[in-house]
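Subject: Structure handover

Hello,

Here is the structure we spoke about.

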Amino acid sequence: YYFRNVPHIIRKNRVSAGILMGEEPAEELAKLGMDVFCYFGLGCRNVSRILVPEGYNPDPLFRAWGKYKDIINHHKYANNYDYQKSILLVNQAPFMDTGFVLAISSSAWVSPIACVHFGYYTTQEDLHQQMDKQPEKLQCVVSAGGWYAGSVPFGKAQLPEIDDYSDNVDTMAFLSGLS
C-alpha cells in the first residue's frame with residue numbers, strides 16, 4: 001500500500017504444464033522428463049501437471065522416464081518422495097508409483113516435489129477450455145514438437161527464448177519506462 005504509486009513488477013506464482021496427444025514416441029516422452037525432473041522445485045517453468053487424453057495408458061511414459069530414475073538418490077527429492085507417498089497411503093488416495101515419481105490424478109495445477117499431477121481431456125475443445133481457464137497460472141506449456149498453440153517443444157521448458165518474459169512482462173521495457 002505504501003509503495004502503490006511506485007512502478008513495480010511483482011511476480012505471481014505460476015506453473016508449467018505438459019500436454020500429451022497419446023501417440024508420442026519414447027524419445028519425445030523422455031524429453032518431457034527433462035521438463036519434469038531436471039529442475040524439480042526450482043521454479044515456474046518446471047512441469048508439474050500433465051494433461052492426457054481420457055483412457056491414456058501411462059506405461060510408455062513411465063518407461064521413457066526410466067532414464068531419470070536416479071533422481072531418487074538426491075536426498076531432498078527422496079525425502080519429498082517418501083513424505084508424499086506416506087501421505088497418499090495414509091489417506092488411501094489412489095496414485096501410481098514408479099519408484100522415483102508419484103503420479104496422481106488431480107485437478108490441481110501445482111504438484112509437490114516428487115509428484116506429477118495428471119489431468120484428462122476428452123476432446124480438443126475440452127483441452128482448450130481447460131487451458132483457457134488458467135492463463136494467469138501458466139508460465140509455460142510444453143507439447144511434442146510444440147504442436148499445441150503457444151507451447152514449446154518437450155525438453156525446452158527451462159530454455160526460454162530472449163523474448164519469452166516471465167509473467168509475459170518485458171522487463172527491459174519496464175525498466176526503460178522508469179527513466
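This is a predicted model: local features need pLDDT of at least 70, side-chain atom pairs count only at pLDDT 80 or more; totals for chains, interfaces and linings use all residues.

Residues are numbered from 1 along each chain as its sequence is written, and side-chain values use heavy atoms, with hydrogens and water left out.

Nonpolar cores

A nonpolar core here is a set of buried Ala, Val, Leu, Ile, Met, Phe, Trp, Tyr and Cys residues joined through side-chain atoms within 4.5 Å. Buried means under 20% relative accessible area, exposed over 50%, and partly exposed in between, using a 1.4 Å probe and protein chains only. The largest core has 33 residues, and those touching the most other members are Leu20, Leu32, Phe37, Ile50, Leu61, Trp65 and Phe118. Several elements each supply at least two residues of this core, including helix H1 (26–37), strand S2 (47–53) and helix H3 (75–90). Helices (H or I, at least four residues) and strands (E, at least two) are DSSP runs, numbered from the N terminus. H1 gives the largest share, four residues. Another core, of eleven residues, lies apart from it, with Ile19, Trp109, Tyr121 and Leu138 among them.

Helix H1

The buried residues of H1 pack against S2, H2, H3, S6 and strand S7 (152–153). One of them is Leu29, which counts as buried because its relative accessibility is 2%. Leaving aside neighbours within four places in sequence, Leu29 is in contact (heavy atoms within 4.5 Å) with Leu20, Glu24, Tyr56, Pro60, Leu61, Ala64 and Trp65.

Salt bridges

How many salt bridges does a search of the whole structure find? There are two, a salt bridge being a side-chain nitrogen of Lys or Arg within 4 Å of a carboxyl oxygen of Asp or Glu.

- Glu28 and Lys31: the closest N and O atoms are 3.5 Å apart. Both residues lie in H1, three residues apart, about one turn of the helix. Glu28 is buried at 16% relative accessible area, whereas Lys31 is partly exposed at 36%.
- Asp97 and Lys85: the closest N and O atoms are 2.6 Å apart. Asp97 is in strand S3 (residues 96–97) and Lys85 in helix H3, so the pair ties together parts twelve residues apart in sequence. Asp97 is partly exposed at 33%, and Lys85 is partly exposed at 27%.

Regards
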